[in-house]
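Open the model in your viewer and keep the selection tool at hand. The stops below each name what to select and what is there.

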Amino acid sequence: GDQRDLHSFPTRRSSDLRLVLNADQHEQLEQQLSRYHTTDSLKIAFDDYKRKGNVLGQIVALRQLGRLCREHCQYDWAVTHHREALQMAEKANDAIEMMWAMNNLASDYRRLGALSEAMDYHQQAYNLSMKYAETEHYQVQRNTAVALNGMGSVFLLMGNLQMADTVLRQELAVEEALGNLQGQALDLGALGNIKEQQGKTDEAWTLYRKSLELNERGNLATGISQSYNNIGRLYEQSGQLDAALESYKKGYRTLVGSSDDWYRLETGCYIGRIFIKQGDIAQATDVLERIETNARRIESLEHQSKAKELYYELYAKTGDTKQALASYIMADHLHDSLMNISKVVQIQNAQLEMERQQRLDDKARAEASLAKERHSKRLTYIWAGLLLLVAVVGIGMLWYTLHTRTVHQQLFRQMQRVREQF
């Protein structure tokens, strides 16, 4: 996709922004637009909002339009619509829609394999959401969660398991507080992936099953498919290839009727690998041809790389060393394109920036807590001083009353004596 002017919309300072907290209007618009399931109907809705001068309506329509394009693997269009949404949100000083646009652009670039751009936009969304964290607004918390999940996914893909674990656990806490089943299921699946890579199979099994349970409870087709893929991998690693294949096929069947080819490609790669291991060359070849064709069509660099890796395994199995070597070199080249050194450096910088931001947030919270404590102490001292003053005045008045009474009594007795003398 066209990646020009990637950073033409810098995050503004919080003092420049007006956080739109009109939840009723916002949710009403989302509800209205959720009825539109085609790009044409959403474009008509956008034009209608434009004619009426409803800026927020236009932005939300662009957000949904871009999401629909991404689900149909039209990534260039998804980027175009989400960029326009970001531009309009900035002009409207709408912080919530800026967060959504940044997170959506990050998801678009993640699908395209542009990991540094994905991390950059997720981080911008996260930083902006932190500026408004104290509002505890649902839309702010949702964007915080989406940004953390996105960053965790990139760290996981890069093999930075420690940072992925930290970020994903932070997000899981947010999702649990929101009661969002889909978010919790995603996080549990990703945390299970970390345990799988660390060789902690029992823990991975537990997390994957919990993730599947939540996905099934929420009737989330994509999540159910991913859960079956995760469970299939554990069967595959233990040598239970038939059980693994059945799990992968369950995952694939779950996606029947879905327009999202990205996830179908993911499951297809697993199925192709099992056919290779079982020596079913005809079926493996058929699956790999379809994977490669569709990966090129939707411009998924990640799945093009995986397809070539599988071709290498296929040709190595059949003893075709020439084709195996060619596939290996191409897979290596595609993998380097996906994770070149400049992207690794940028993502490591993003990690450092996130850690720095968290330290600043912790420091700000500590300072705010200290200021609150000092203010509370000052109030305590003031009240104590006032009470002491009241007590002193009270004692003084009591002493004065007693003293006056004593003087009056002495004066009365003296007058009595004078009278007696006369």
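## Whole chain

Of the 422 residues in the chain, 45% are buried. This is a predicted model. Colour by secondary structure: there are 17 helices and 0 strands.

## Stop 1: helix 3 and helix 4

Select residues 55-71 for helix 3 and 75-91 for helix 4. Their axes come within 8 Å and cross at roughly 160 degrees. An angle over 145 degrees counts as roughly antiparallel, so helix 3 and helix 4 are roughly antiparallel to each other. The crossing of helix 3 and helix 4 is left-handed. Show side chains at this contact. Helix 3 supplies V55, Q58, I59, L62, R63, L65, G66, R67, C69 and R70. Helix 4 supplies Y75, W77, A78, H81, H82, E84, A85, M88 and A89.

Stay here and select C73. It sits in the loop between helix 3 and helix 4. Check its backbone: phi is positive, about 65 degrees, although C73 is not a glycine. Most residues other than glycine have a negative phi. Is C73 buried or exposed? Its relative accessibility is 8%, so C73 counts as buried.

## Stop 2: helix 10 and helix 11

Select residues 201-217, helix 10, and residues 221-237, helix 11. Helix 10 and helix 11 pack at an angle of about 160 degrees, with axes 9 Å apart. That makes helix 10 and helix 11 roughly antiparallel to each other. Their crossing is left-handed. On the helix 10 side, the contact is made by T201, A204, W205, Y208, S211, L212, N215 and E216. On the helix 11 side, look for G223, I224, S227, Y228, N230, I231, R233, L234 and Y235.

## Stop 3: helix 12

Move on to residues 241-254, helix 12. How far apart should its ends be? At 1.5 Å a residue, its 14 residues should span 20 Å, and the end C-alpha atoms are 20 Å apart, which agrees.

Next, pick out the buried residues of helix 12: L241, A244, L245, S247, Y248 and G251. Look down the axis of helix 12: these residues fall within an arc of 165 degrees, so they line one face of the helix. An α-helix has 3.6 residues a turn, so residues three or four places apart point the same way.

## Stop 4: E299

Select E299, in the loop between helix 14 (281-297) and helix 15 (301-318). Here too the backbone is worth a check. Phi of E299 is near 60 degrees, a positive value in a residue other than glycine. Its relative accessibility is 36%, so E299 counts as partly exposed.

## Stop 5: S327

Finish on S327, in helix 16, residues 321-338. At 5% relative accessibility, S327 counts as buried. Which residues does S327 touch, not counting those up to four places away in sequence? Select K308, Y311, Y312 and Y315 to see them.

Conventions:
Residues numbered from 1 in each chain as written. Predicted model: local features only at pLDDT ≥ 70, side-chain atom pairs only at ≥ 80, totals over all residues. Heavy atoms only, no water. Helix = DSSP H or I, 4+ residues; strand = E, 2+ residues; numbered from the N terminus. Expected span 1.5 Å × (residues − 1). Buried < 20%, exposed > 50% of the residue type's maximum accessible area, 1.4 Å probe, protein only. Arc of directions from axis to C-beta. Contact = heavy atoms within 4.5 Å. Axes fitted to C-alpha atoms, helices over the stretch in contact; angles between N-to-C directions. Parallel < 35°, antiparallel > 145°, perpendicular 65-115°, else oblique. Left-handed = near helix turned anticlockwise from the far one by under 90°.
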